[in-house]
Amino acid sequence: MRVVQLSDHPSDLLKRSRQRVSKEQQRELQRYDNALARHQAELKRLVSARDTARTSRHWLAWIRGMFAVRRARRMAPVQPRFANAASEEEAILMAGIKGEQSVADALGRSLNDDWVLFRGYHNPRGEIDHVLLGPRGLVAIEVKNISGVVSCDGDRWWVDKYDRFGNRKEREDLLDRGRRPRSPSMQLNEPADLLEDFLRSRREDVDLLRVVFLAHERSEIGTCRGARVHIFTEANDIGTLMRKVPQPFNQHQRKHLEELIIADHRHHAARRPR
């Protein structure tokens, strides 16, 4: 299977997250340095006042000065300690990158060079993690690296998490982190619809299959009613789905579709604000 890397949005987000953390750490160190300089100046003043009182034999002032110096030393600012562990945001991004790569690796092991995997396709309605094109059809794949039981009702998705005794300990809605939070099906279908419309406008009457792939080893599919996408946990299920396509693509059509997908992505990438 050939891989065409159109963009690497998760890695870009991870890089920006780490840069942001680094800047926050630098600001925290600067605040510490400023506080330490103020403390040292105040301590120097108190020590000088104490020593002056001793030289002048003002014993009461000297005793007060000793206690003031001790108290000031205990109030010294604490140097910040930065944890080596990744932040929560970084952990989520790294898990997403790992999930996407695991899907690409699994597909690569089972598909030959008649297939091409586009990674990071993007249009104004969002990003599609993987677009897989081959003799048996075209499929858009949204990868979710989620530990738990994933259920849905139409475009509403949620995940239940259980403890080791089988008791449900948490339920949360599955939504992305965009300005307009979307469920996985909406997150996939909105850009997929636009891509499908574009291909049809170029005389490629294709049905773009849609798959939400649960990549985590502890992902399970719960009850899904009225699902608007296919939901899989095994890469082989994608191959099984595509073997059901009634009209396979010939080599000429696949080449044309590949050119169109790359051109469409580059067109929208050039128009995106930096």
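The exercises below work through a predicted model of a single chain.

Residues are numbered from 1 along each chain as its sequence is written. Because the model is predicted, local features need pLDDT of at least 70 and side-chain atom pairs count only at pLDDT 80 or more, while totals for chains, interfaces and linings use all residues; side-chain values use heavy atoms, with hydrogens and water left out.

**Exercise 1. State how many helices and strands the chain has, and what share of its residues is buried.**

Step 1. Helices (H or I, at least four residues) and strands (E, at least two) are DSSP runs, numbered from the N terminus. The chain has six helices and ten strands.

Step 2. Buried means under 20% relative accessible area, exposed over 50%, and partly exposed in between (1.4 Å probe, protein chains only). Of the 274 residues, 41% are buried.

Step 3. A contact is a case of heavy atoms within 4.5 Å. Among the contacts with a separation of 6 or more, 63% come from residues 24 or more positions apart.

**Exercise 2. Give the strand order of the six-stranded sheet and say which strands stand at its edges.**

Step 1. Two strands pair if DSSP finds at least two bridges between them. The order is β1-β2-β3-β4-β8-β10, in an open sheet with mixed pairing.

Step 2. The edges are β1 (2-5) and β10 (230-232); each has a single partner strand, so one side of each lacks a neighbour in the sheet.

Step 3. From one strand to the next, the twist averages 30°. Axes are lines fitted to C-alpha atoms, for helices over the stretch in contact, and angles run from 0 to 180 degrees between N-to-C directions.

Step 4. β1 pairs with β2 (116-123) in the parallel sense over four bridges. R2 has V116 in β2 as its bridge partner.

**Exercise 3. Find which strands helix α5 lies across, and which of its residues are buried.**

Step 1. Helix α5 (235-242) lies across β3, β4, β8 and β10, at about 165° to β8.

Step 2. Its buried residues are A235, I238, L241 and M242. They are on the same side of α5, because they cover an arc of only 110° around the axis. The arc is that of the directions from the helix axis to the C-beta atoms.

Step 3. The general rule is that an α-helix has 3.6 residues a turn, so residues three or four places apart point the same way.

**Exercise 4. Describe the four-stranded sheet, and determine how many disulfides there are.**

Step 1. The strand order is β7-β6-β5-β9, again in an open sheet with mixed pairing. β7 and β9 (219-225) stand at the edges with a single partner strand each.

Step 2. Strand β5 (148-153) runs parallel to β9, and five bridges join them. In this sheet C152 stands opposite C224 in β9.

Step 3. C152 is buried at 0% relative accessible area, whereas C224 is partly exposed at 27%.

Step 4. A disulfide is a pair of cysteine sulfur atoms within 2.5 Å. By this rule the count is zero.

**Exercise 5. Locate R182 and list what R182 touches.**

Step 1. R182 lies in the loop between β7 (168-173) and α4 (184-201). Its relative accessible area is 10%, so R182 is buried.

Step 2. Leaving out residues up to four places away in sequence, R182 touches R125, G126, L174, L175, D176, Q187, E190 and P191.

Step 3. The side chains of R182 and E190 form a polar contact of 2.8 Å. A polar contact is a pair of N or O atoms within 3.5 Å; within protein, one must be able to donate a hydrogen and the other to accept it, and residues adjacent in sequence count only if both atoms are side-chain atoms.
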